[in-house]
Amino acid sequence: MTVEELPFPPRKRQRQEQKKFNKPKYEPRLFVPFRALGLITNHIPFVIQTRSHKGATDGPRIHILTCLGKSWALWNGAKMDLLFVGPEVEEQISSMVMNGDAVWIASGPNVIKYIRGKEVSRLVNPLGTTLSFITIFGTQLLSLTEDGGRMLCWDIGEEVLETTVEFDNDFTATSILHPATYLNKVLVSSSQGAVQLWNIRSQTCIHKFAASSLLSSSGSEGSAITALTQSSAIDVVGFGFASGEISVYDVRTDERLMRMFMDGGSVRALGFRSDGQPIMASASSLGHIAIWDLNEGGRLLHMVRGAHDGAISALEWIPNQPVLITSGEDNSVKQWLFDTPSAAPRLLKFRSGHHAPPHLIRYYGEDGKQLLTASRDRSLRCTSVVRDSRSFELSQGSLAKKASGLSIPVANLKFPPITAISHSSARTKDWDDILTAHTDETFARTWTMQNKKLGKHNFGFADTSRAKGKERAPPLGSAKSVCVTACGNFGLAGSSTGAIHMWNMQSGIRRRTFRVGPCPPEVAGRFQTTVKGTKERSVTGLATDSLNTMVIASTLDGTVNFFDFHTANLDHAVILPSAAVSMVLQRDNGLLAVVCDDMVVRLVDIETKTVVREFGGFRGRVLDITFSPDSRWLITTSLDSIIRTFDIPTGRLIDAFRTSSVATSVSFSPTNDFIATAHVDSVGVFLWANRAQYTEVAFRTVVEDEIAIVDLPSMQGVADGEESLSPLEALAAQVDVFSTPPKLDGDLITLTLLPRSKWQTLLNLEIIQQRNKPKEPPKAPEKAPFFLPTLPGVETRFVTEPKRASQNPSRRLEQAIQNAESVFLQRLHGEDVNGDYESFFSFSKTLSAAAADFELQSLMTLDSLRTFINALTQRLLSHQDFEAVQAFLNVFLRMHADTIVSNSELHDDVERLMKVQRTESQRILELIASSLGALGFVRDTL
């Protein structure tokens, strides 16, 4: 039977339902999906649920249900911490609703019910079309099809489809609302601006509300109803339109009570306060929140501009509390507190993440618990790998106050996107420890992780010495690369014009300038010449070694320049065959990985300053690279959507897998347990577990046909891990072709692989025991310790155990003890006389020196002596355990030499052993002499 034919190990838990999609033929061997970080919510409105418990003193519990795309998350509203995440479904979630302990979601044509995160039932649309909206109406579940032409009614108890309501062609349904106290009746809004009141039981349309009565203007543009909610008053409903108009309407009298208009796009959500205050809140598609006073005819009280960085998807008040919860497309959920009925809301608590896909991620520190992530949303965040609640955004100052004063969004005041980042945690408690370069900025910025905010200094490229003289100052280029030294005392930045400066991170004073000089003639044609004839050498990468002896800079024209750290002199320049796009230095082993424009990653040894490895095979531009902490692997990501792992010593591709979207950045954990990736179409950060940390993985070269498509990790992480690890157990059981066999072939000698000290101790056991013998007998204590038990009475008397009468063992017991054999003797006599005594010697090698000496002394009978001599002879003939046989033979002859000489029955066995011993010793000497001769020849030749 071959290795591929071995059966898989049994599963610990059988799944009730098989996966719907087909699994790829091959799976990645080294990295498997673990979990996703930084996902909070998306454009699907959240669902809030309050629960009151009997005897509770801290008020009702608040649960918030948010959508994560193909899965959902349940949050604790009190602390905004994550309770649990639901499993992934096949298609994107379009709507959600909660009913008691059950969570209902609409995904494609399916409506799935979950209890405590586990799927318990599933309703399927018989039409096969996608469902866009669902709501619970008593014992029924109502849903709308994606085209808005039908409403389906299910009985959630029997889980059967009861009725199907079909709308007119000029009515496209968008949402459903059950007016309070209206029996069996629901309001259905449309994208044309009209509303219909339906009786679910009789399946009849009771009344139609024309768009002209709901809207002031009858134009088709902006007439779509985008928000529909019930107010705290009976019969009163709020309508929000795409034009920004808001109508508070009495559906019983078919009369509009008041009309408001909100600036900033369409109305996305409405909410009426339920604690007795006549307040209504509305949210716009530009992220603004408006607070309206209904007692004053809909007067605007406050406008919170830029409450979210994107469109607000949902808005809801906590029942009987002055707290407003909002969620937006900026991947955030926020809670706003109203201290007084007329006061402006203030941000109480929130949970947020990137609202644009991160393009640069790096592990921070040496514990592997934090990630620095930069995104196109102009923010720098610290993402916690251990606990989501510890993630935060590094502050850029009081931007909210400035934005409110200028009436502009906060995003317009943020710094440009980060293009390069470097850090050192050596002096993080003393001063700034992070250095970043931003798009089209002529200076680098410092940040402090300790204070979670922007640092004190900006490092600019302006040369003040040249500007003071008559010489015209050189043009300032944008910052392209940054580097913080390993000690954390200095920061370096390189510009697009070739300027490299070094500053002190504590004081911000410029300390040194490194000049790349003119372009070598070998690469003169690789870059463009400006209009004025000056040639600019853009610096694409910076690095320093661990001891601050050299500065390394790569340029866009394809050179790697080595500077002296202290004198700033250019010592050497390595010319590469192609332009250098970026580079990463592994300070532990001095290997520099340079990403070149010809889709090849080249490794440069900074000691010898030569290219030692070249890794190719990419079908797209290489986007990011990272080293493993042990400096053995190089992980790359490229535009062909493949994450590759190269083995540096052998230069082979040992692992590769294709993701559903391109990974823009990759970073390896300092603890060697995870790699983190960021992708172009997701705002999260994804972790992949390193299987080499907890199981044996056989490495071999990966070919193109074996590259599998692997799904990205989910927020839940558990289900993906089980599915990923179960088929990979068979790979861990493969035979390693590089392992040493138990016995060498041919005439070679196999040793025991045990330390030499073990056999030296056996040979010199008597000397060791004599040396460790105590010099004098132990002395009795002068005074008895206080904790000895005493007998009651006036005089102090200690409790002593009565002496037991000596019991002489019987003769039968003495004979049984004499006839008892040890495991050593049992294994010795149990072996085949013509075999190699494998079991006996395997047991003997596990004995300590004292135990082995005792067992050899216990060989008292002539039969035991003859059997042991035969065991030594057969072991020598098998070419195994040569040093163990020599040690046993030495001790055995010292103990039983007199017995062997006086008994002629053993002479033949001893002569045979002597002949085999002489032959094997001579052969070993010849092998050693041959090996020494070959080694000497090679040494003299090289």
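Me: What should I know before reading the model?
Reply: The model is predicted, so local features need pLDDT of at least 70 and side-chain atom pairs count only at pLDDT 80 or more, while totals for chains, interfaces and linings use all residues. Residues are numbered from 1 along each chain as its sequence is written, and side-chain values use heavy atoms, with hydrogens and water left out.

Me: What pLDDT does the protein average?
Reply: The average pLDDT (the predictor's confidence in each residue, from 0 to 100) is 84, and 86% of the residues score at least 70.

Me: Which elements have the lowest and the highest mean pLDDT?
Reply: Helix α5 (residues 729-732) has the lowest, 43, and strand β54 (residues 663-668) has the highest, 95. Helices (H or I, at least four residues) and strands (E, at least two) are DSSP runs, numbered from the N terminus.

Me: Over which residues is the pLDDT below 50?
Reply: Residues 1-25 are one such stretch, and residues 718-738 are another. Where pLDDT is low, the predicted coordinates should not be read in detail.

Me: Changing topic, how many cavities of 30 Å³ or more does a search of the whole structure find?
Reply: The search finds 2. A cavity is a set of points on a 1 Å grid over the protein atoms alone where a 1.4 Å probe fits but cannot get out, and lining residues have an atom within 4 Å of a point. A volume is the space filled by probe spheres set on the points, which are joined across faces, edges and corners.

Me: What is the volume of the largest cavity?
Reply: The volume is about 140 Å³. Of the 17 residues that line this cavity, the closest to its centre are Leu-37, Gly-38, Ser-352, Thr-383 and Ser-391.

Me: And which residues line the second largest cavity?
Reply: Among them are Trp-759, Leu-762 and Phe-888. The volume of this second cavity is about 40 Å³, and α6 gives the largest share of the lining, 3 residues.

Me: How does α6 pack with α13?
Reply: Helix α6 (residues 756-763) packs with helix α13 (residues 882-902) at an angle of about 5°, and their axes are 9 Å apart. Axes are lines fitted to C-alpha atoms, for helices over the stretch in contact, and angles run from 0 to 180 degrees between N-to-C directions. The two helices are therefore roughly parallel (angles under 35 degrees).

Me: Which residues of α6 meet α13?
Reply: Trp-759, Leu-762 and Leu-763 do, and their partners in α13 include Phe-888 and Arg-894. Contact means heavy atoms within 4.5 Å.

Notes. Angles under 35 degrees count as roughly parallel, over 145 as roughly antiparallel, 65 to 115 as roughly perpendicular and the rest as oblique. On a 1 Å grid over the protein atoms alone, a cavity is a set of points where a 1.4 Å probe fits but cannot get out, and a pocket is an open set with protein on both sides within 12 Å along at least five of seven lines; lining residues have an atom within 4 Å of a point.
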